[in-house]
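Hi everyone, thanks for coming.

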Amino acid sequence: VLLQASGGGLVQPGGFLTLSCAASEVTFSSYYMAWFRQGPGKEREFVSIINRYGSVADYADSVKGRFTISRDNAKNEVTLQMNSLKPEDTAVYYCAAAGIFTRLDRMYKYWGQGTLVTVSS
């Protein structure tokens with residue numbers, strides 16, 4: 001599965017961005033899709049995951065209530081809507097695909113190339 005993330009950029013604190021991840025695989029709907037991020041000098045961390053049908057999602061506590069994950073299986077796309085952005089959200093954001101519903105990055109077989117989000121005034 002080839003994953004292509006896009007939508008990153010520079011935004012002021014309190015602003016919003018929408019990240020998208022396009023998948024090449026025709027069986028996209030069989031994968032659980034997630035977003036991870038890696039901030040400067042930090043380890044990669046889980047952000048959000050959505051189940052195969054788009055009916056169940058999970059979020060890291062740090063983004064809960066501010067970020068929303070969604071997917072469109074007809075378009076082979078997963079989206080992360082990020083609101084009320086904070087400087088600590090600055091990171092490279094990666095989309096990833098797995099066969100199970102998990103926060104563990106080692107369980108993800110397919111990864112996008114990452115898109116940089118910078119939150120700064």
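**A walk through the chain**

Starting from the N terminus, the elements of the protein chain run β-β-β-β-β-β-β-β-β-β-β. That is eleven strands and zero helices. Please keep in mind that this is a predicted model.

How compact is the protein chain? Its radius of gyration is 13 Å, close to the 14 Å that the globule rule gives for 121 residues, so the chain is as compact as a globular protein of that length. The C-alpha trace spans about 40 × 25 × 25 Å along its principal axes. Of the contacts between residues at least 6 apart in sequence, 57% join residues at least 24 apart.

The accessible surface comes to about 6200 Å², and carbon and sulfur atoms hold 50% of that.

Let's go inside. Of the 121 residues, 44% count as buried. In soluble globular proteins, nonpolar side chains tend to be buried together. Here the largest nonpolar core has 36 residues, and those that touch the most other members are Met-33, Trp-35, Phe-67, Val-78, Leu-80, Met-82 and Tyr-93. Which strands supply at least two residues each? They are E1 (3-6), E3 (17-23), E4 (32-38), E5 (45-50), E7 (67-72), E8 (77-82), E9 (91-98) and E11 (115-119). The largest share, six residues, comes from E9.

Leaving aside neighbours within four places in sequence, its contacts include Leu-17 and Leu-19, Trp-35, Val-47, Phe-67, Ile-69 and Tyr-93. Thr-18, Ser-48 and Thr-68 are also in contact with Leu-80.

Last stop: the backbone. Most residues other than glycine have a negative phi, so let me show you two that go the other way. Asn-76 has a positive phi of about 55°, and this residue is found in the loop between E7 and E8. Is Asn-76 buried or exposed? Asn-76 counts as buried because its relative accessibility is 15%, under the 20% cut-off.

The other one is Ser-84, where phi is near 50°, again a positive value in a residue other than glycine. Ser-84 sits in the loop between E8 and E9. With 41% relative accessibility, Ser-84 counts as partly exposed.

That's my tour, and I'm happy to go back to any part of it.

Definitions and conventions
Residues numbered from 1 in each chain as written. Predicted model: local features only at pLDDT ≥ 70, side-chain atom pairs only at ≥ 80, totals over all residues. Heavy atoms only, no water. Helix = DSSP H or I, 4+ residues; strand = E, 2+ residues; numbered from the N terminus. Rg over C-alpha atoms; globule rule 2.2 N^0.38 Å. Buried < 20%, exposed > 50% of the residue type's maximum accessible area, 1.4 Å probe, protein only. Contact = heavy atoms within 4.5 Å. Areas by Shrake-Rupley, 256 points an atom, 1.4 Å probe, with all protein chains shown as cover. Core = buried A, V, L, I, M, F, W, Y, C linked by side-chain atoms within 4.5 Å.
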